[in-house]
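Hi everyone, thanks for coming. Let me put the structure up, and then we'll walk through it together.

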Amino acid sequence: MECNCCHKTKERTPDEHKALINRLSRIEGQIRGIKKMVEQDAYCTDIITQVAAANSALNSFNKELLSTHIKTCVAEDIRAGKEETVDDLLATLQKLMK
């Protein structure tokens with residue numbers, strides 16, 4: 001697998017691409033469901049429960065993407081002597097921890 005992180009792109013295998021898109025499609029469906037609940041004046045705690053589920057799904061998506069990023073892009077860049085990649089990773093982790 002070739003890593004093009006320095007160009008801000010990433011080639012993914014067809015399976016990786018499909019898995020990521022499928023997860024995002026499920027999350028998109030959850031968000032549409034939440035919108036529909038608001039439009040139908042659903043009870044607040046029911047909406048909050050669905051928002052929590054969508055947040056959890058997004059967090060899981062981020063964890064999977066970050067794991068892949070570290071195993072491929074970051075590892076390859078470090079092996080190639082691109083130490084600035086560590087700073088980029090730290091900045092990304094800071095964004096995730098806000």
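A quick definition before we start: when I say helix, I mean a DSSP run of H or I with at least four residues, and the numbering goes from the N terminus. And please keep in mind that this is a predicted model.

Let's begin with helix α1, residues 14-39. Its 26 residues reach 37 Å from the first C-alpha to the last, close to the 38 Å expected at 1.5 Å a residue. Just after α1 comes D41, which takes a positive phi of about 55°. Back inside α1, the buried residues are L20, I27, I34 and M37. What do they pack against? The buried residues of α1 pack against α2.

That takes us to the next pair. Helix α2 covers residues 44-79 and helix α3 covers residues 84-96. Their axes lie 10 Å apart, at an angle of about 165°. Over 145 degrees counts as roughly antiparallel, so that is how α2 and α3 run relative to each other. The crossing of α2 past α3 is left-handed.

Who makes the contact? On the α2 side we have N62, L66, H69, I70, V74, D77 and I78, and on the α3 side T85, V86, L89, L93 and L96. By type, the residues of this contact divide into eight nonpolar, three polar and one charged.

One last stop: T85, in helix α3. Is T85 buried or exposed? Its relative accessibility is 8%, so T85 counts as buried. Leaving aside residues up to four places away in sequence, T85 touches V74 and D77.

That's my tour, so over to you!

Conventions: Residues are numbered from 1 along each chain as its sequence is written. This is a predicted model: local features need pLDDT of at least 70, side-chain atom pairs count only at pLDDT 80 or more; totals for chains, interfaces and linings use all residues. Side-chain values use heavy atoms; hydrogens and water are left out. Axes are lines fitted to C-alpha atoms, for helices over the stretch in contact, and angles run from 0 to 180 degrees between N-to-C directions. Helices (H or I, at least four residues) and strands (E, at least two) are DSSP runs, numbered from the N terminus. Angles under 35 degrees count as roughly parallel, over 145 as roughly antiparallel, 65 to 115 as roughly perpendicular and the rest as oblique. A crossing is left-handed if the near helix is turned anticlockwise from the far one by less than a right angle, and right-handed if clockwise. Contact means heavy atoms within 4.5 Å. Ala, Val, Leu, Ile, Met, Phe, Trp, Tyr, Cys and Pro count as nonpolar, Asp, Glu, Lys and Arg as charged, and the others, Gly among them, as polar. The expected span of a helix is 1.5 Å times one less than its number of residues. Buried means under 20% relative accessible area, exposed over 50%, partly exposed in between (1.4 Å probe, protein chains only).
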